[in-house]
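Welcome! Let's take a friendly walk through this structure, one stretch at a time.

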Amino acid sequence: MNSTPKEGVVNSTSDWGRVEYTSVRELRGPLAVIDQVSGVGWDEFVQFTLGSGEQRHGLVLEVDRGTAVVQVLQDTAGMDPARIRTLFTGSPLRIPVGPSWLGRVCNGRGEPLDGGPPVFGAGTSAVGGNPINPVRRVPPADPVLTGVSAVDALTTLVRGQKLPVFSAAGLPHLELAAQIAAQSTAGGEPFCVVFAAMGVTHADANFVRDALEERSAAGELVLFLNTADDPVIERILTPRIALTVAEELAFTGGRHVLVVMTDMTSYAEALREVSAARGEIPARRAYPGYLYSDLASLYERCGRIEGLPGSVTVLPLLTMPAGDITHPVPDLTGYITEGQIVLSREVHAKGVYPPVDALSSLSRLMRKGAGPGRTRDDHLDVAAQLLAALARARQIRELADLVGHSALSPTDRRYLDFDEAFYHGLVDQRRDELRTLEQTLERSWQVLLTLPRSQLAMLPGDLLDAHGAAEGG
Amino acid sequence: MVTMTYAPDTRHESRPAPEPEGMGRILRVTGPLIEAEYTGGAAMYDLVELGEPGLPGEVVAIREGVVTVQAYEYTGGLAPGMPLRLLGEPLSAPLGPGLLGGIYDGLLRPLTGKGAWLVPGVASGRADERPTWRFSPRVKVGASVAEGDVLGEIREAGPVPLLVLVPVGHAGRVERIAEEGHQRADAVVATVAGTEVRMTTDWPVRTPRPVRERLDTGAVLNTGQRAIDLLFPVALGSTVAVPGGFGTGKTVLLQQIAKWCDADVIVYVGCGERGNEMADVIDEFAALKDPRTGGRLADRTVIVANTSNMPMMAREASIYTGATVAEYFRDMGLDVVVIADSTSRWAEALREFASRTGALPAEEGYPAGLASAIAAFYERAGAVTTLGGRRGSVTVIGAVSPPGGDMAEPVTAHTQRFVRCLWTLDRELAYARHYPAVSWAGSFSRDAEAIGKHHAASDDPAWTARRARVADLLAEADRLADLVDLVGIAALPPQERMSVLGGRIVREGVLQQSALSERDAYSGSEKTAALAEALLAVVDRCRELADSGVPATRIEEIDFGPVLRAREEAGPHDAATVQALGATMLARLGEVS
């Protein structure tokens with residue numbers, strides 16, 4: 001029973017018979033406290049009408065006898081407690097779901113920014129979602145090819161996986177996210193991208209819109225943009241709306257859906273702001289004690305389900321404050337997700353894009369999503385050999401810094417050449433360059449062949465012959 | 001009609017008839033914390049049903065006619081004024097023949113056969129998927145029995161023998177006993193001194209099941225992992241903590257132990273971990289052949305899956321549920337291993353809820369009772385004589401996930417105080433692809449002495465000496481490695497260079513073990529002993545060569561490959577191949593001069 005939407009997706013299931021409250025006792029930070037309510041449930045969706053007629057929205061954080069504490073999604077600026085009408089909608093927030101989201105650009109609450117009408121759907125879903133029954137999960141097994149060599153070759157993204165990108169301020173993570181969103185495919189099966197941007201600048205938001213224009217025009221993209229000057233608290237809702245839309249597109253619509261969420265550090269900060277306003281006891285770095293469970297409730301919405309088509313793959317981006325990987329947001333994320341792609345300043349300084357630190361990056365599910373029958377027979381061997389050689393090259397580089405380049409053995413010097421070739425011949429690529437898996441693996445071979453055959457023990461002999469590996473040292 | 005799994009049940013083993021139910025009205029809801037005023041009986045840790053859907057919850061505080069409840073489900077839509085029912089019963093697990101091979105949530109509600117999405121309040125029935133079980137009596141009417149005595153057997157229920165026991169707190173004359181034949185799990189199969197006994201019984205999960213006596217046997221739990229069996233062995237009924245940051249191979253190690261250790265029953269508690277990982281565990285256990293019975297490994301496994309996005313407070317309950325299930329099988333005289341991955345997530349659930357109740361925080365926001373809660377959980381382990389006089393054990397292996405790899409954080413620090421063994425997983429080792437990444441410097445086993453004595457008295461008198469030699473060599477090599485970094489290997493005297501070489505040989509030839517290897521994923525005790533002996537002999541011969549004047553560089557350049565690969569070439573119990581490869585290597589070293 002959907003009523004006519006008043007504004008975007010945020011319409012209640014039914015407004016009739018609901019009482020509007022006219023008294024707000026307290027406004028404090030992002031919170032509004034409303035007295036003398038009855039029948040208000042926890043996590044219920046709330047509509048505020050200001051004196052000017054402006055509409056705002058909120059979620060019930062606590063209800064104690066007749067008092068409800070509501071977090072206001074658009075902030076409390078300009079709200080006069082004497083001139084607010086508050087309507088409790090009677091249920092947690094539900095949004096319309098379905099393919100009508102495809103091709104749309106919306107703000108962080110799901111209201112259109114593209115000048116189009118509000119989004120409708122055949123049905124609605126609660127944005128909180130329900131946990132997937134672990135017994136009904138199907139272990140991820142097929143790749144999402146991103147067309148980015150560093151990702152496809154070494155940290156293959158697998159359908160149903162959650163693989164975060166750990167970055168630092170000033171690195172081109174948004175470019176990488178946009179490129180992955182623009183280029184990714186799932187082996188010819190129906191594919192689409194849900195892109196949720198939280199706390200990005202207007203310039204970045206425009207960049208994302210432009211970069212993904214083609215995908216959007218093809219009806220393969222849903223874009224949610226919460227910019228840095230948009231309400232902070234709204235960011236708590238944005239990833240939930242994105243994931244709810246994605247689940248429907250995947251498990252009902254039969255698509256493989258890639259959900260890109262950036263920047264999760266901004267999301268966590270919004271969570272912290274609400275927690276601080278409520279006077280909750282802080283945990284590490286003043287983030288709330290429930291940060292792990294909260295992040296898990298987002299990331300764990302990825303997966304494949306037995307008996308249902310499609311898949312949801314989650315690619316969260318986060319900037320590590322001061323580059324610190326032990327900061328609670330990357331640390332807890334790392335415990336939940338299946339690996340990580342780490343961007344590094346050192347690689348960025350070499351002028352390499354994307355600046356992926358291959359040795360710190362890992363896709364835990366790669367063994368299941370790449371190799372024979374998935375990508376190419378030699379993929380896993382090539383990746384293992386690349387990483388082993390890269391680790392050796394790093395040791396040699398440290399040694400060279402100590403003893404000088406001239407003191408290195410000829411083989412050692414070949415490793416330094418390899419290192420060079422790896423970054424400039426394989427990792428480095430243009431921001432609009434889509435490389436097929438074949439191209440990526442052939443480049444990998446070219447990079448490996450800078451080493452003598454004796455150093456390529458992880459590769460099968462017949463493949464070395466086929467690629468004409470040099471014997472000598 | 002939505003039903004609750006833990007509906008009021010009068011079949012409690014130890015408790016008299018339950019208190020009359022109380023009724024209440026909800027006053028306050030904030031996430032999983034609910035306050036309600038009530039009339040009638042309410043006791044701490046009693047179960048409640050919340051609102052219309054009857055969401056399960058548990059009483060955690062009572063004050064002036066108001067109960068504080070922690071809810072086990074998402075509470076969206078729950079409002080003040082809604083009803084609350086006090087069930088007069090603590091959270092209990094139904095213990096019966098259907099448990100083996102099953103997959104359950106943190107409250108032991110079956111997940112198999114449920115829908116793709118776990119919707120709050122929609123619980124399914126009891127654990128039994130099979131309608132009937134074959135009961136076979138072992139006593140006759142008129143016999144006099146005590147608590148814990150065997151009344152009958154459940155046949156054809158799986159690879160381990162299941163027993164029906166006289167309930168805790170009951171004894172006397174057998175007034176009725178069912179004939180041999182098929183019975184429903186909840187059918188009465190015996191009457192003892194007026195008490196009806198069923199195949200399935202309930203037990204409150206937070207109460208340890210009583211035993212006659214705790215034992216200190218020194219009998220070892222063989223895990224098939226050399227780094228553990230050789231250096232940091234664990235006794236049956238002991239406790240282990242496995243701390244390791246993300247990416248150190250913790251889950252793989254725990255899964256290896258679950259697959260290969262020689263316990264009768266495995267209880268695997270996935271506590272706040274990844275959904276895809278859980279799916280993987282479920283798949284692998286179902287596909288894996290049980291090396292002991294030839295059947296499926298899953299048939300002697302109970303999986304409790306409460307992934308990180310499932311309700312948080314059910315995560316808190318899940319480790320107690322797991323321990324209770326383990327004790328049920330222990331009381332039948334079985335050796336049970338409980339693997340909890342990860343106890344840090346459980347502790348975080350405690351913290352999250354404590355913060356909502358406004359409890360004063362201790363270290364890093366954890367409640368002041370954290371240390372005692374950890375200690376009490378690990379105390380549910382033990383090798384025991386059961387009430388019925390059988391021997392059984394529960395071994396608890398708990399993973400710890402130190403945030404930011406910080407080993408001084410409260411959960412890791414406290415856990416180390418209460419466990420008998422610690423297997424620390426080292427990031428450096430994992431980074432160097434040395435698996436399992438059990439650090440020899442950062443781990444301990446307080447069971448080693450007792451196990452050494454046990455080995456000495458039974459099968460392997462040289463065990464203690466062998467362990468000491470390996471540990472000494474590793475420690476010496478570590479000490480010298482620091483020195484080598486400063487002054488270079490060439491500056492060391494020959495014997496010390498042999499120690500460095502020896503450390504490498506033992507690490508690569510003995511301690512490394514690939515979980516993916518066909519032959520070496522499991523290493524039997526004879527193979528482990530043979531490998532250690534063979535490689536120590538090689539190290540000894542190298543020392544002799546150095547003493548006899550062979551230049552150290554020359555010895556270091558020898559290809560030790562054949563003996564280092566012995567672990568891969570020999571099958572799980574094949575000591576002979578290891579010995580032969582060792583002998584060949586020694587002979588080759590004899591030719592060096």
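Start with a pair of residues in chain B: R63(B) has V66(B) as its bridge partner in β5(B). Keep in mind as you look that this is a predicted model. The pair belongs to a hairpin formed by β4(B) and β5(B), with 2 residues between the strands. In the turn you will find E64(B), whose phi is positive, at about 45°.

Now move on to the helices. Helix α4 of chain B spans residues 312-330, and S318(B) sits within it. Is S318(B) buried or exposed? Because it has 28 C-beta neighbours inside 10 Å, S318(B) counts as buried. Beyond its neighbours within four places in sequence, its contacts are G106(B), V269(B), C271(B), V304(B) and N306(B). Y435(B), by contrast, lies 29 Å from S318(B), C-alpha to C-alpha, and 117 residues away in sequence.

Last comes helix α5 of chain B, residues 343-357. From first C-alpha to last, its 15 residues reach 21 Å, close to the 21 Å expected at 1.5 Å a residue. The helix is mostly covered, with 13 of the 15 residues buried. Just after α5(B) comes G358(B), which takes a positive phi of about 80°.

Note on methods
Residues are numbered from 1 along each chain as its sequence is written. Chains are lettered from A and ligands numbered from 1 in the order in which they are written. This is a predicted model: local features need pLDDT of at least 70, side-chain atom pairs count only at pLDDT 80 or more; totals for chains, interfaces and linings use all residues. Helices (H or I, at least four residues) and strands (E, at least two) are DSSP runs, numbered from the N terminus. A residue is buried if 20 or more other C-beta atoms lie within 10 Å of its own, exposed if 12 or fewer, and partly exposed in between; C-beta atoms are placed from the backbone. Two residues are in contact if their C-beta atoms, placed from the backbone, lie within 7 Å. Two strands pair if DSSP finds at least two bridges between them. The expected span of a helix is 1.5 Å times one less than its number of residues.
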